[in-house]
Amino acid sequence: MKNWLMTGVLMAGISFATGASAQANGNDPANPLITDKWNFRPLIVVTPDAGQPAYRHLRQQLDRTQEQFDDRDMVLYTVEGDSGTRHGRPMTAYETRALLDAVGVSPTQGVTTILVGKDGGKKVQLQGEVDLQEIYATIDRMPMRQSGED
């Protein structure tokens, strides 16, 4: 009985340590970016609130360039305060936190725009005003985009 109990305690400790390590490395299973890897280029926009001028301007650019956005296999994540969406659909608070932890930003830092490549790596991180055409040009220079593999 003691061996069984010790084994159980040991396994629980290993599971806890492994989970904590995975979360610290952005591998939290709730992180929605995991399912996007090799399929999409996430554009993540984080803002304290939807009223921020830089955020409103970026949303206007996105509305005007939806075809260019879609052509580049992009998916939009927004975090307004503590509420997150993926492609316009609400995420849970846990998913939103996992996303923010994975990219290492907080809404309190102001408007932050992050481009993640299909390989899951952070390609661009910008504060404040963003010219979406520069983001598109960055994507167009990426090896996968140039080789037509996407």
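Reply: Lys-118 forms a salt bridge with Asp-73, their closest N and O atoms being 2.9 Å apart; the term stands for a side-chain nitrogen of Lys or Arg within 4 Å of a carboxyl oxygen of Asp or Glu. Lys-118 lies in the loop between strand S5 (112-116) and strand S6 (122-127) and Asp-73 in the loop between H4 and S2, so the pair ties together parts that are 45 residues apart in sequence. Helices (H or I, at least four residues) and strands (E, at least two) are DSSP runs numbered from the N terminus. Lys-118 is buried, at a relative accessible area of 6%; buried means under 20%, exposed over 50% and partly exposed in between (1.4 Å probe, protein chains only).

The model is predicted: local features need pLDDT of at least 70 and side-chain atom pairs count only at pLDDT 80 or more, while totals for chains, interfaces and linings use all residues. Residues are numbered from 1 along each chain as its sequence is written, and side-chain values use heavy atoms, leaving out hydrogens and water.

By the salt-bridge rule the count comes to 5. Another of them joins Asp-140 to Arg-72, with the closest N and O atoms 2.9 Å apart. Asp-140 lies in helix H6 and Arg-72 in the loop between helix H4 (66-71) and strand S2 (74-80), so this pair ties together parts that are 68 residues apart in sequence. Arg-72 is buried, with a relative accessible area of 9%, whereas Asp-140 is partly exposed at 28%.

Asp-119 also forms a salt bridge, with Lys-123, where the closest N and O atoms are 2.9 Å apart. Asp-119 is partly exposed at 32% relative accessibility, and Lys-123 is partly exposed at 38%.
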